[in-house]
Amino acid sequence: MMAAGICTAGAMLLLGATGLMNLIYKLIPRCVVRGIQLSQGLSFALNAVEYVRKEQDFSKPNYGNGEKRGWLGLDGLILSIFCACFIVIVSGCGEAGEDAGEEVENGDERERAVRKAIASLPSAFLVFSLGVVFAFIRKPKMVYEIRFGPSRMEVVKISKQAWKTGFVKGTIPQLPLSVLNSVIAVCKLSNDLFPAGKRLSATSVSVTVGAMNLVGCWFGAMPCCHGAGGLAGQYKFGGRSGTCVVILGVVKLGLGLALGSSLVVVLREFPVGVLGVLLLFAGIELAMASRDVNSKEDAFAMLVCSAVSLVGSSAALGFLCGIVVHLLLKPDKVVMMVIKLVCGLKRRCC
């Protein structure tokens, strides 16, 4: 896994540093990007529903085939439904409280104040905190299993076979998804959510994804990225600037240095149904980015891309089908795409 992360990171860094990622970003039609976002969002939402409906044991490969979750208990359906209703009441359909007072056209000032107060609540943080409390209630003795201090870090030793397996089984299938969901979709979604803000560069996103994994994976860090799902989740639950991500990073660093691997003890008892509710709303927010596709041709290409991605479980295959359908529907785009590609490559060479 570390070898796959390092190889993928090297490819992302190379694509960003050479400017090829920015060229790819300009060539890919918006409807295909929307198809990838729709399929990823629906995939998150479908997995989230399974988390809520069924018991999950993530230590097993087929953890999704558990028994149906009961209604009662500290990880029951009633708890999940309560958390879902709370998020809907606070965050609404995704605006996270923006202009909440204006929704009450004929109401008095007191009603507007109440709506704004409700909308200002950090719904995701409160739901997560409730899950942590329930985790300690489910297993009170885990307090004695917590050890303070960071875990010992060491450089991962990667064998030749691990490099080969990681590249073939990890990097090759992962790279198209990383390019599409971790760079292209992130840039498109960021520019959609913050049209008045600074335009996000595909080059900078690609370079930072590569750099952080080239460093972290050597020490056993799980490969990570600027996923569109994470951005959608941050926006859904109130994030409106980079400060919220900085705060989240500082908190994670603090917890890692203070508790280390003891965090796993708490997370193991965290109610999976509550986790499913949070993932559900993040997935819906990501899928809602596709609502701005207006023309019938673009909608058709988007839905083909999403359907193939979901059924075939391959974003690369869905992307390829979406591109083919888009070009077949708009043959004039083929000529323009070839011209852009030739001009872009000529500028790189000269």
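1. Rings of Phe, Tyr and Trp (its six-membered ring) count as a pair if their centres lie within 6.5 Å. In this predicted model, three aromatic pairs are found.

2. One of these pairs is F194 with Y235: the ring centres are 5.7 Å apart and the planes meet at 80°, so the pair is edge-to-face, the cut-off for that class being over 60 degrees. The pair joins distant parts of the chain, its members being 41 residues apart. F194 lies in the loop between helix 7 (160–193) and helix 8 (202–216), while Y235 belongs to helix 9 (residues 228–236).

3. F194, at 25% relative accessibility, counts as partly exposed.

4. Y235 also has a charged neighbour: R240 lies over the face of its ring, at 3.6 Å from the ring centre. A further case of a charge over a ring is K188, whose charged end sits over Y25, 4.8 Å from the centre of that ring.

5. On the overall fold, the secondary structure consists of 15 helices and zero strands. Of the contacts between residues at least 6 apart in sequence, 76% join residues at least 24 apart. The link between F194 and Y235 likewise connects distant parts of the chain.

How values were computed:
Residues are numbered from 1 along each chain as its sequence is written. This is a predicted model: local features need pLDDT of at least 70, side-chain atom pairs count only at pLDDT 80 or more; totals for chains, interfaces and linings use all residues. Side-chain values use heavy atoms; hydrogens and water are left out. Rings of Phe, Tyr and Trp (its six-membered ring) pair if their centres lie within 6.5 Å; planes under 30 degrees apart count as stacked, over 60 as edge-to-face and the rest as tilted. Helices (H or I, at least four residues) and strands (E, at least two) are DSSP runs, numbered from the N terminus. Buried means under 20% relative accessible area, exposed over 50%, partly exposed in between (1.4 Å probe, protein chains only). A charge sits over a ring if NZ of Lys or CZ of Arg is within 6 Å of the ring centre and within 35 degrees of the ring normal. Contact means heavy atoms within 4.5 Å.
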